[in-house]
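Hi,

Here is the structure I said I would pass on. Have a look at it below, and then read on for what turned up.

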Amino acid sequence: MRGLVAIFDKELADYLISWRGIILFAVALLVTVVAIYGPAGALVNIREQLGEPTQFGQTQFVFLTLFTTSGAGSYAFLFFITMFIVPIVGIVLGFDAINREKNSGTLSRLLSQPIYRDTVFNAKFLAGTVTMAIMLTSVVLLVSGLGMRAIGVPPSSEEALRLFLFLVLTTLYGSFWLGLSMLFSVFFERVATSAMASIAIWIFFLLYTLTGFIPTAVANMRVPLSDTSTTQEVIRYYSIQVAAERVSPIYLFQEAMYVLLSPGTRTATEYLQIYASGAEWQPGSLPLSQTMITIWPHLVTFVAIAAVFFGVSYYKFTREEIRST
Amino acid sequence: MSIVETKDLTKKYGKITAVDGLNLRIEEGDIFGFLGPNGAGKTTTILMLLGLTEPTSGIALVAGYNTTREPLKVKRITGYVPENVGFYEDLTAAQNLIYTGRLNGLSDRLADKRALEALEIVGLPRAAERNVSEFSRGMKQRLAIADILVKQPKIAIMDEPTSGIDPEGIVQVLDLIARIAKETRMTIVMSSHQLYQVQRICNRVGILMEGHLVAEGLLEELSREAMGGIQFRIEVKLTEVTQTIVEAIKQIKGVLGVEPLAGGLIINCSEDLRPQIAKKIVDTGGLMVEMKIQSYALEDIYLKYFREG
């Protein structure tokens, strides 16, 4: 336990005080503030939205629109965070966690101390996660503070609670990327290789989500739609498409967080909303408990994948021979 | 009880056997020199002693603990200086040592105290607040020894502690190791392929060749064993070589052989018999011009094993 604390302390200090940490924080803050308050930011659209009633009658959650509304030609805070900021931060904090120590010869010395090998891994993971939690919390607080001045509405208690959950879950999402990049840092000897591998995976899923080519192609192949298609066929088409989209962790998490931050959303499944946009659904929003039930499967999936990353990293790292060459 | 004991310790990498059935004993208080050419399996053996790699078969015991099953207990009492030792370059020397102290469960205050003491002992007191990135190779090696001192282990294992440093630095490091061994009664295992270094400070030596321990024991024992008891070679130049003189010298206890040499004799013996030989020559009426003695260095022994292995 003492060993864990010692390594955790050192790593946390490394992350927070180093240039790496400062640059990451600055980028995160800059991007999100510009996304909302910049000249083409979301603020204009938010002001417009507040004026008109929407399909689900979302008016009681004004403050949260700050995070989910996109600007002209830019993404909403939520999308910046899930697509770019959090994956980058997770990858940058973890890609050289193990192999850099191996290359610099400090790992042999570290592992000859009376600590278990998994303690090294756990402590580094924990330090990275806490770094991300600190970063995200300060970014959200700063953005919220500016928001209160800009739109003049303070968050309600439920909104505050939802934002808090958003922070917790986004940190979890970040630790998913951290776990991935640390996995590569265990497997690859060279720091550059592990960085490239993590970045490649991120870019692949980013393009997968942004363009949506592959999910659409899959859906088209399975259920070719035509003018004469029945409603069942259309629903099947969309469910296949969404299922394919959810292969991407970025999409999966985005979906869950969108439901969390816009209580007007009744279901995580987009095509059902498209169908419900008629008159069948009563306006209103979900209580927090129901929101959580809606996104529960998403969260379980993330925890499961992260557990797999951990298992594989442990297996490799604890059996490896550590030679200093 | 031996502090280090291995029983048929074997490590295979695929088809290559790096260490083959090693049976080794190191007693408490020894300065044990682990000698062998590159690739003989020294580092692999050391890694197995520390539980940093698992043996394919056989066991290694350090202070009675099995290094595979109870690695933490072994690591608590073992200090390790790896070959090409590394430190966190962006931390100062003192910070690096304090980190080691904390990893060993020392309180912050104790870690701090021991770190400064250790830096004092290795002669780096003024470098305490300097970043390790500014350190030379020799300084890093001394810092690695300080790192062990912070831990205060029962046994220190050093893998090529002198590799890559200049001759003066080598002498400093070796003397430092010898001094620490003397003052703290720490058992030291040091691997090297440089003979004279081992000779300088070690009292026991093990020679490893291609994964086999070809010789092990006290230095003197070893040389006696390896050269068939011949330890000294005395060259005598005489004005005239007579059979009487040769016979007389052969009578001296400890003389193993006498061979003629142009204008003199070569006498192989197990100890330094110069006074006795000189006396015999004078007694038998010979006139001695010159007398030279040559002791067999470990080098010859090492090379002998090297050729045989």
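Predicted model: local features only at pLDDT ≥ 70, side-chain atom pairs only at ≥ 80, totals over all residues.

Strand E6 of chain B, residues 78-81, has side chains going both ways: Thr78(B) and Tyr80(B) point to one side, Gly79(B) and Val81(B) to the other, and all of them are buried.

E6(B) runs parallel to strand E7 of chain B (residues 155-159), and 4 bridges join them. If you want a spot to start from, find Thr78(B), which sits opposite Ile155(B) in E7(B).

Chain B also has an open, antiparallel sheet of 4 strands, in the order E2-E1-E4-E5. Its edges are strand E2 (16-26) and strand E5 (65-66) of chain B, each pairing on one side only. Further in, strand E1 (residues 4-13) and strand E4 (residues 57-62) of chain B are antiparallel, with 5 bridges between them. Lys7(B) has Ile59(B) in E4(B) as its bridge partner.

Over in chain A, have a look at helix H8, residues 117-151. Its 35 residues reach 51 Å from the first C-alpha to the last, close to the 51 Å expected at 1.5 Å a residue.

How many residues does each chain bring to the contact? Chain A gives 20 residues and chain B gives 23 residues. On the chain A side, helix H1 (2-17) and helix H7 (106-111) each supply at least two residues. That side of chain A splits into 6 nonpolar, 9 polar and 5 charged residues.

Cheers

Key:
Residues numbered from 1 in each chain as written. Chains lettered and ligands numbered in written order. Contact = placed C-beta atoms within 7 Å. Nonpolar A, V, L, I, M, F, W, Y, C, P; charged D, E, K, R; others polar. Expected span 1.5 Å × (residues − 1). Buried ≥ 20, exposed ≤ 12 C-beta atoms within 10 Å, placed from the backbone. Pairing = 2+ DSSP bridges.
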